[in-house]
Structure formats: C-alpha cells, structure tokens
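Reader: I would like to learn how to read a few features of a protein model. Could you take me through some of them?

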Amino acid sequence: MNIKGKNITLRAIELEDMVLLHKWANDPDIQYMLGGWHFPTNMNDQKKWFESLSCNSFNQRFIITDEKQLPIGMANLININLKDGNAEHGLLLNKEYQGKGYGTDVVKSIMSYSFNELRLNRLETTIISINEPSLKLFAKCGWKQEGILRNWYFRKGKHIDKIFLGILKEEFLTLDK
C-alpha cells in the first residue's frame, strides 16, 4: 500500500532505486545535514542494505515520489512501537525539491498514516542543529522541541547540537482541523 499526500506518494523502495540512493548516500552536502556516522558507501553495501528491508519490519523506509512519480527523496518510519504507540520519523529530499512544499507534504502524510492508520500516539525525530530548513519544516507541521544534546555531532571541525522534536496525536488532530 502506498501512502498518498497532496502532491507526493510514499512507496516501497525498489531495486531500481539503488543507483539514486547510492548517489544520495555519498553526497557530502546531503550527509552533512543528517545525523549519524557516514562512510562512503559502495553499491554492494547499498544492495545488501536493500536486501535487509522487509515489509514485516518495525523499520519502514519509503521512496518519496512527486506528481509525475519521479523519485525525489526518501522517508522513514522506524522503531515503530505498537505497544507504547510511538515511532521515529525522518526524511531526505533531493536538493532541487527542497523549499517547494514537498517536505511539508511528506511530514503531514507520515503523521496522518501514523496516527490514523497505525493508531500511534507519538512521533519523534532528531535533527542536527545546523539544519535550519528541517527545524522550520517540523515546526511548521506542529512538532515541538523537546530537548537538546549539546555537542553531539562533529562536522567540519566543530561540535554541533542534536535537537529532539516530537508531536502527539492530540496535537496533530488539532492541526488537522
């Protein structure tokens, strides 16, 4: 089942997406703005990662497509905890599609799916503090800053904070009206 937004679709990752995902995984401009530890990735490792994906997993990853069904990014819903009703969400948009409303559409679509279909009660994310576009995006979608881990990341010779954000189902339902 695909997840539909206003102008985007979230669909399963297919083998033919590996070339594009490999490109994004090795783009230093993209990786600089994301959390985590990044090494150069070869296509063999990219394919092994793909083979580890499963629709039965509590870690779901999606290709974001635009109105023409062209891949424009990747989103995830991971550490899905059905017992306690929470999960983590993140996304990556190709540079040419940033600032055009696609990110808002992705976040709202993930929230709708999570709260209305999976019956989750809470979503959370972490964002590197230098990623102001993502911080603005999530704030625009109603997410609240919940904490900071100071000097968590190390990028280009500097320590940078990790920002925690979250949204509850009741907050989403208020926004949805």
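Reader: Is V107 buried or exposed?

Author: The model is a predicted one. A residue counts as buried when its relative accessible area is under 20%. V107 has a relative accessible area of 0%, so V107 is buried. V107 has its place in helix α4.

Reader: Which residues is V107 in contact with, leaving aside its neighbours within four places in sequence?

Author: Contact here requires heavy atoms within 4.5 Å. With those neighbours left aside, V107 is in contact with H89, L91, L137, F138, C141 and W143.

Reader: Helix α4 also holds D105. Which side chain of opposite charge is nearest to D105, and how far away is that side chain?

Author: A salt bridge needs a side-chain nitrogen of Lys or Arg within 4 Å of a carboxyl oxygen of Asp or Glu. For D105, the nearest side chain of opposite charge is K6, 6.8 Å away. D105 is buried, yet has no salt bridge.

Reader: What does the side chain of D105 reach at 2.5 Å?

Author: The backbone nitrogen of N7. Neighbours within four places in sequence aside, the contacts of D105 are G5, K6, N7 and I8.

Reader: Now the strands. How many bridges join β1 to β2, and how do these strands run?

Author: Strands pair if there are at least two bridges between them. Strand β1 (residues 3-4) and strand β2 (residues 9-12) are joined by two bridges and run antiparallel. A hairpin of four residues connects β1 to β2, and K4 stands opposite T9 in β2.

Reader: Which residue in β3 does A12 stand opposite?

Author: F62. Strand β3 covers residues 60-65 and runs antiparallel to β2, with four bridges joining them.

Terms used: Residues numbered from 1 in each chain as written. Predicted model: local features only at pLDDT ≥ 70, side-chain atom pairs only at ≥ 80, totals over all residues. Heavy atoms only, no water. Buried < 20%, exposed > 50% of the residue type's maximum accessible area, 1.4 Å probe, protein only. Lys, Arg positive; Asp, Glu negative; His and termini not counted. Polar contact = N/O pair within 3.5 Å; in protein donor to acceptor, adjacent residues only side chain to side chain.
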